[in-house]
Number of protein chains: 4
Amino acid sequence: MRIGIVARLDMVETIELAEELIDFFISKNVEVALDTSLVNELGSFHERSADIKDMDVDIIVAIGGDGTILRTQKFVNGKKIPLFGINMGTVGFLTEIDPEDTLSAMEEVLAGNYFVERRTQLRVCHDGELPSALNEVVMMTRMPAKMLHIEISVDDEVVEELRADGLIVATPSGSTAYSMSAGGPIVDPRVEAFIIVPICPFKLAARPIVVSNQSKIKVKLLRKGKKAIAVIDGQFEEEINYMDEVIFKKSDTFAYFVRLTKDFYKRVREKLTEGGITS
Amino acid sequence: MRIGIVARLDMVETIELAEELIDFFISKNVEVALDTSLVNELGSFHERSADIKDMDVDIIVAIGGDGTILRTQKFVNGKKIPLFGINMGTVGFLTEIDPEDTLSAMEEVLAGNYFVERRTQLRVCHDGELPSALNEVVMMTRMPAKMLHIEISVDDEVVEELRADGLIVATPSGSTAYSMSAGGPIVDPRVEAFIIVPICPFKLAARPIVVSNQSKIKVKLLRKGKKAIAVIDGQFEEEINYMDEVIFKKSDTFAYFVRLTKDFYKRVREKLTEGGITS
Amino acid sequence: MRIGIVARLDMVETIELAEELIDFFISKNVEVALDTSLVNELGSFHERSADIKDMDVDIIVAIGGDGTILRTQKFVNGKKIPLFGINMGTVGFLTEIDPEDTLSAMEEVLAGNYFVERRTQLRVCHDGELPSALNEVVMMTRMPAKMLHIEISVDDEVVEELRADGLIVATPSGSTAYSMSAGGPIVDPRVEAFIIVPICPFKLAARPIVVSNQSKIKVKLLRKGKKAIAVIDGQFEEEINYMDEVIFKKSDTFAYFVRLTKDFYKRVREKLTEGGITS
Amino acid sequence: MRIGIVARLDMVETIELAEELIDFFISKNVEVALDTSLVNELGSFHERSADIKDMDVDIIVAIGGDGTILRTQKFVNGKKIPLFGINMGTVGFLTEIDPEDTLSAMEEVLAGNYFVERRTQLRVCHDGELPSALNEVVMMTRMPAKMLHIEISVDDEVVEELRADGLIVATPSGSTAYSMSAGGPIVDPRVEAFIIVPICPFKLAARPIVVSNQSKIKVKLLRKGKKAIAVIDGQFEEEINYMDEVIFKKSDTFAYFVRLTKDFYKRVREKLTEGGITS
């Protein structure tokens with residue numbers, strides 16, 4: 001088995017855990033590839049350095065929060081390399097374990113006691129194809145406290161026209177992230193659906209909408225002169241102009257995750273509590 | 001073509017429209033069967049009288065609101081007889097046309113210019129099988145302002161435990177009905193999902209949950225001595241005792257509707273506006 | 001100083017704490033009056049027995065949850081006897097201390113190290129005057145899943161007409177109780193206001209409304225044949241018929257509470273967390 | 001009587017209505033002062049030109065939407081000059097009449113058939129005093145989809161600590177504006193209160209809070225490196241740095257409005273409907 005390792009670099013603890021992991025894998029004679037920026041930070045293991053997008057490994061271990069996972073997925077997208085997240089961020093819905101369980105969990109992984117979960121992604125088009133979204137695409141005004149005027153269509157049928165601060169189009173994976181803050185429902189990842197959630201709509205009757213992931217979702221900016229920005233998974237930004245359309249469909253590519261257990265709802269409850277989201 | 005006709009009987013207008021429809025169909029040499037209670041109200045057409053559940057027809061025209069449709073569906077459930085609703089109720093998300101369009105719409109139907117839409121139902125079990133739900137099952141306390149203590153499981157995994165006035169388990173069809181009042185999202189009927197919505201939860205973090213319709217949803221009453229009532233589609237009531245479980249699955253039977261157009265969202269917007277729900 | 005003691009009687013722990021308190025006060029030569037039903041439960045102290053409404057005391061100590069406080073307040077209403085709540089219920093926003101702090105808190109009280117907080121109540125009229133509400137009045141349908149048709153006026157101006165499961169008119173004290181479950185805001189008790197919150201409104205634009213407590217709020221049942229029930233503080237029920245009006249004003253009487261500290265928001269946060277309301 | 005006139009300048013209709021009004025007032029021998037920028041746009045009436053802040057008039061007529069009113073109020077703040085708004089914007093909660101009623105309404109005003117309503121404002125301090133807010137102060141991240149970490153105190157008691165897109169502190173006047181989009185309650189302007197509403201809180205238990213307008217509200221940015229922007233009434237922007245505090249109190253100055261009728265709730269209902277906010 002070959003393992004790739006990536007880590008967020010702005011915390012001492014993630015670097016230390018990466019070193020511990022490297023030692024562990026080497027002691028187990030597991031082939032290890034390390035993200036180039038991590039190698040630079042460590043100042044050693046240069047012979048194991050690799051760009052994430054070129055890693056030829058069976059699993060990538062990502063040490064950090066959901067941001068680290070989302071960023072890593074952008075690089076491996078299109079390949080069937082599952083990610084294994086160790087949560088050292090504030091939330092970590094996409095991560096699988098907490099740091100203190102790292103070595104015992106890796107033993108399980110090396111013994112093959114895991115399964116791979118596939119998660120649906122959003123394909124995003126605006127003057128050509130943008131990176132796919134694992135969690136969500138947020139369309140927001142560039143100017144705080146100025147509303148966008150938005151038209152939403154599903155399969156070429158106009159669903160809603162509204163003024164709002166912005167709009168979220170999310171996958172079920174993203175339903176426990178930003179979409180939830182904006183009032184969206186929790187959607188089980190087994191549901192073949194996307195979620196459309198307006199952000200602070202100036203229309204009291206606006207509601208979150210759950211649509212089939214076989215649908216084509218079109219979002220159009222109506223108001224003259226207002227620019228918006230589309231942010232994909234908090235990682236990638238694209239400017240959207242007046243009368244522009246952004247198209248969302250189910251992506252041909254998926255994100256893959258190493259899972260030790262199947263319990264989705266237990267995870268959600270724990271993450272909500274750990275992350276201080278409920279209390 | 002054979003047509004069945006049912007109508008709510010507490011409005012003069014529905015009876016009059018039924019008479020007009022009967023005359024129209026007779027003039028077109030269409031075979032007509034009339035709900036027995038409607039025949040009694042009309043005082044004529046006794047030879048065409050039939051119980052809804054025994055009607056051997058191609059389509060049943062239901063004159064009334066969503067309540068009339070839901071009640072009729074209970075009788076024809078298990079057969080593949082599509083319903084065609086003429087809206088004379090306050091809302092009518094399940095109805096297809098407004099009364100003024102009745103005859104022109106019937107011309108279209110007789111000419112075969114329609115399609116049949118299939119809607120998923122909820123199978124409900126509690127000490128044996130209860131009637132299937134087209135819209136929703138509401139579990140409520142029998143005593144106003146006294147909370148239930150509820151445990152919700154999906155596929156035998158506990159999802160949530162909460163105190164609340166009640167709980168709604170809804171189909172996508174029901175997402176624009178009671179579920180919406182309780183804060184649930186609008187769910188496109190093409191999404192293979194059910195919605196779980198707590199009613200006035202005394203738990204600020206409680207959120208609507210959208211689960212796969214392949215799941216088994218289990219709702220258990222935890223608090224000693226508190227009785228609840230389960231109301232299916234506003235039509236059928238069942239008493240639920242302390243520690244009882246109610247099980248929800250996708251039903252083997254569907255509801256069928258005659259549709260002249262495919263535009264789901266236009267219908268939702270119109271119904272919301274007509275019904276005074278938005279303003 | 002003379003102290004009255006009341007307790008909920010369905011828990012062994014409250015009775016035991018009452019006995020401990022009685023011994024404590026007797027040892028301190030404090031005059032003690034005991035609720036008759038508590039004396040019956042204890043089987044002793046008959047010479048100290050008194051009806052709550054006749055207690056001639058400086059403070060009443062109430063052992064239980066918010067229900068115990070609300071019930072006790074109904075009996076002492078109109079007198080300026082402050083209540084001191086020891087929380088042995090599920091929530092206890094109106095109580096001041098947890099049971100383990102009882103004796104040290106009582107030392108403080110006997111030493112005069114406390115202040116008295118005054119809370120506004122709602123005067124409720126429907127064919128004569130009903131008991132005042134410290135927390136809220138809930139108007140609900142008697143039949144689960146059947147909506148009421150309600151007209152709300154403030155100072156004789158119609159504010160809203162809607163169909164809903166019910167309606168809450170709450171004081172700031174009640175803003176952290178049932179009103180919060182139905183989506184109402186938290187209102188600081190220093191704000192001279194009442195809150196009007198619809199319960200599951202079938203009108204997406206309906207919002208909680210905060211009105212001056214100098215206003216006259218009028219709620220009228222519009223739909224023929226539908227009966228409702230008004231529940232005052234979860235303690236008192238009154239039937240409301242079609243076309244009946246219920247009038248709400250600021251009450252001339254207040255509820256008084258013994259407080260050891262002034263921190264309202266700390267209390268709210270703690271109660272929300274302790275009561276499992278947030279997690 | 002002396003009348004000042006201001007108008008938004010980006011619509012032909014407002015300029016035309018301004019001209020009509022000027023002619024009307026001149027024909028009535030009413031002394032008229034015109035905003036300098038309006039005079040420039042008209043290309044005439046130079047002798048009547050005045051800066052808004054220097055206008056020595058009894059009433060200022062503002063032609064436009066709420067933005068025009070809010071901008072004008074910033075200039076006259078501290079004086080007791082009431083504004084009379086003619087609604088030519090999208091919403092116009094602060095305006096009094098629609099354009100077609102202009103001349104008949106002015107006849108009423110000239111005849112003295114009006115009263116002046118006083119509205120409370122927020123005093124805002126951050127490294128010195130900022131302009132007072134008639135509607136609200138919005139604190140937002142400068143980077144879309146990045147959360148702020150906020151601590152809120154009321155009278156030096158910590159009320160809430162949360163991560164969110166932003167926070168609104170609003171007056172009752174602002175309760176039907178941006179605060180409403182973010183989920184805040186409608187607050188009658190007669191209530192002596194301010195509203196604190198988190199924007200997309202990543203904390204499910206967060207709720208809008210209504211506090212006394214005698215309170216001191218303190219908002220502190222906790223997270224290192226994150227900058228925020230405070231926007232006052234959509235007109236004035238101030239940058240807020242990490243660990244900065246912004247203090248909100250009741251302002252010593254008020255906004256004054258010419259009113260022909262007293263019906264607050266009718267106005268709210270009409271504005272919500274006209275503005276397409278409900279449907």
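Biologist: How many salt bridges does the rule find across the interface of chain B and chain A?

Modeller: This is a predicted model, in which local features need pLDDT of at least 70 and side-chain atom pairs count only at pLDDT 80 or more, while totals for chains, interfaces and linings use all residues. Residues are numbered from 1 along each chain as its sequence is written, chains are lettered from A and ligands numbered from 1 in the order in which they are written, and side-chain values use heavy atoms, with hydrogens and water left out. A salt bridge requires a side-chain nitrogen of Lys or Arg within 4 Å of a carboxyl oxygen of Asp or Glu. Across the interface of chain B and chain A, the number found by this rule is two.

Biologist: Which residue of chain A meets R190(B) in a salt bridge?

Modeller: The two side chains form a salt bridge at 3.2 Å, N to O. The partner of R190(B) is D155(A).

Biologist: What area is buried between chain B and chain A?

Modeller: In contact terms (heavy atoms within 4.5 Å), 29 residues of chain B touch 29 residues of chain A. Buried area is the accessible area (1.4 Å probe) that two parts lose on being put together, summed over both. Carbon and sulfur atoms give 59% of a total of about 2,300 Å².

Biologist: Why is α1(B) described as oblique to α4(B)?

Modeller: Helices are DSSP runs (H or I, at least four residues) numbered from the N terminus, and their axes are lines fitted to C-alpha atoms over the stretch in contact, with angles from 0 to 180 degrees between N-to-C directions. Helix α1 (residues 12–27) of chain B packs against helix α4 (residues 102–110) of chain B with axes 11 Å apart and at an angle of about 40°. Angles under 35 degrees count as roughly parallel, over 145 as roughly antiparallel, 65 to 115 as roughly perpendicular and the rest as oblique. The reason is therefore the angle, about 40°.

Biologist: Which residues of α4(B) make the contact with α1(B)?

Modeller: From α1(B) come L17(B), E20(B), L21(B), F24(B) and F25(B). Those of α4(B) are T102(B), L103(B), M106(B), E107(B) and L110(B).

Biologist: How many residues of the contact of α1(B) with α4(B) are nonpolar?

Modeller: Ala, Val, Leu, Ile, Met, Phe, Trp, Tyr, Cys and Pro count as nonpolar, Asp, Glu, Lys and Arg as charged, and the others, Gly among them, as polar. One residue of this contact is polar and two are charged. The nonpolar residues number seven.

Terms used: Helices (H or I, at least four residues) and strands (E, at least two) are DSSP runs, numbered from the N terminus.
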